[in-house]
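This report describes selected features of one protein model. Please keep the sequence and the structure in view while reading.

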Amino acid sequence: MTPLDPITLGVVWGALQSIAVEIGTTVHRTAYSEQAREGQDFSVAVFDPEGRMVAQGPYSPGHMGAMSAAVRNALAAHPRETLRPGDAIMLNDPLLGSGHLPDFFITQPAFHEGEIVGFAVNILHHTDVGGQRPGSQGVEGIFDYFQEGLRIPPTKVWQEYREHEGIVAIIAANTRTPEKVLGDLRAQRRPLRVAELRLQELGARYGKHVPRAAMDEIVARSEASMRASIRAIPDGVYRFEDFLDDYGPGTEPLRVAVAVTVHGDSILIDYEGSSPQTASGMNSYINYTRSYSYAAVKCLTDPLGPMNEGALRPITVKAPEGSFLNPRPPAGGGPRAIICYRTFESVLGALAPALPDRVSAAASHMANPTFGGWDRAGRRRFLPYELVLSGTGARATRDGCEAMAWAFNASNIPVEAQEANQPMIVERFELIGDSGGAGTYRGGCGIRRDLRFLADEGKLTNLSDRQRFAPYGLSGGKPGRLGRTVLNPGPGEEIVHGKQSREFAYADVISFQQSGAGGYGDPLERDPRRVLEDVLDDYVSVEAARRDYGVVIVARGTDLSIDGPATDTLRRELRS
């Protein structure tokens, strides 16, 4: 074949991207659960006929990095020659997928003129797949994944477009929320049919050889671009360590130790020295550990290039077998999402000396709690899922962001969606002042979200962190303020451990007060006018402006202004 001309290559690449976005848009609009419909806790991608990822939708890198492994495992169990049009393979095995049972991967081939021309794939986090706790993400009392819910090896749940009723009935019988799980499952499957049609249209337009050649070229160019970006990093071994608070009440911290070796056009990320696997849900199977390691390198090297098989080839990720970042089955892993920030940020922290202008300080940590109980008004069991996403870390040129996902693309679930569908009232949803780490550039603020539950037999499975180890600052920036979870805040309030499973009563309020993000650079170098703006926006108090930034702000009538001479004097004193 003659080489592809640039216009044809560009059109095919645009079509593949469009197919991925169309899959995701269809999932987004048809999903049943709040976490998928509102929080966008799903991901989609297009693979070539050999099972290599070529194009992905703009969703979670934690899913995307694991998706290549999940597709390989699906095709190992059901080789390409055994597949027929309309077949779709599903799996949620932690070792074969993204590390926990609520994530269902579905892989469907697209045929054109009797041959496979590609695969459409998606993954969605399901509300509940059974197990010890509502939401299937318990930390306490878990010693293997058999306690966490229903495990499905690679299985043809759909054969020639027909749903296997028996398998779907087993799934429905093993979840506390069958209507949402089955609704989301079908919302996953139907968009893959849309992708199949689009791939067939691409084949009809160009024939079977041109799209395949374009896919090969896209993967090859992505690899070349990534290798060129890695070559720009000085060779060396860069080390970093950070800690997760613990793996349940009364347990020790979990150490994340990483050595990032840059050699020519390749990178090795090695987690030797990290803590051993735990007798709890706090473990991250290697596919998930790889995912956020890949994502960190991609963000620092070639963020605007395609994320596909080629972009992953120059990166190798290792973790000792039996560590909590590469546990041996049947270790638990339901709440493994809480670990992703730490692996992502540890790679960033390691590469900070080599790429100081590209890295960010540590972000505020998310909370990902789940709840269960009896809705007396609706006379039903209920199971809400929450995402509390806070500030991002400051960078070398700007402040952190407020109330955004970090390391993955998701959203805070809107107040209206939760209150309309669950027996809860969101009483507070606000930024926490003085929580972001001080610096030349300020870390994003933590988020406070208070939920009042109008339900009986309440069960909370808490999932949060950064309540003992603050998000780090960089280049002289200060850490963010620690977070906490509180039951019935105010007089007589009770602190709830970040990974505790416990009960709550009708009308109880659970307050998630997340940590602030780390700052970047010396706080005494921050422009005093920016400090005043933060005070006027209630991000920073007048007292903290003086204490942390050396900026003296005074009231003149009803206005606040900077006392320039006093600020200069105070900053000289603080520097000395």
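A residue is called buried when its relative accessible area is under 20%, exposed when it is over 50%, and partly exposed in between, with a 1.4 Å probe and protein chains only. The model is predicted, so local features need pLDDT of at least 70 and side-chain atom pairs count only at pLDDT 80 or more, while totals for chains, interfaces and linings use all residues. Residues are numbered from 1 along each chain as its sequence is written, and side-chain values use heavy atoms, leaving out hydrogens and water.

| Residue | Relative accessibility | Class |
|---|---|---|
| Leu536 | 53% | exposed |
| Glu321 | 64% | exposed |
| Cys299 | 45% | partly exposed |
| Cys340 | 1% | buried |

**Helix α4.** Helices (H or I, at least four residues) and strands (E, at least two) are DSSP runs, numbered from the N terminus. Helix α4 spans residues 165-173, and its residues Ile167, Val168, Ile171 and Ala172 are buried. Viewed down the axis of α4, these buried residues fall within an arc of 140°, so they line one face of the helix. That arc is taken from the directions from the helix axis to the C-beta atoms. On the face turned away from the buried side, α4 carries the exposed residues Glu165 and Ala173. The cover over the buried residues of α4 includes β3 (88-91), β4 (103-112), β6 (155-159), β7 (162-163) and α5 (178-206), where contact means heavy atoms within 4.5 Å.

**Leu536.** Leu536 lies in helix α11 (residues 528-536) and counts as exposed because its relative accessibility is 53%. Together with Val542 and Leu560, Leu536 makes a nonpolar surface patch of about 230 Å².

**Glu321.** The loop between β11 (315-318) and α9 (337-351) holds Glu321. Leaving aside residues up to four places away in sequence, Glu321 touches Asn326 and Arg328. Glu321 and Glu272 are 49 residues apart along the chain, and their C-alpha atoms are separated by 9.6 Å.

**Cysteines.** How many disulfides does a search of the whole structure find? The search finds 0, a disulfide being a pair of cysteine sulfur atoms within 2.5 Å. For Cys340, the closest cysteine sulfur is in turn that of Cys299.

Key:
Patches are made of residues with over 30% relative accessible area and no salt bridge: like charges are joined within 9 Å, nonpolar side chains (Val, Leu, Ile, Met, Phe, Trp, Tyr) within 5 Å. Accessible areas come from the Shrake-Rupley method with a 1.4 Å probe; for residues, only the protein chains shown count as cover. A salt bridge is a side-chain nitrogen of Lys or Arg within 4 Å of a carboxyl oxygen of Asp or Glu.
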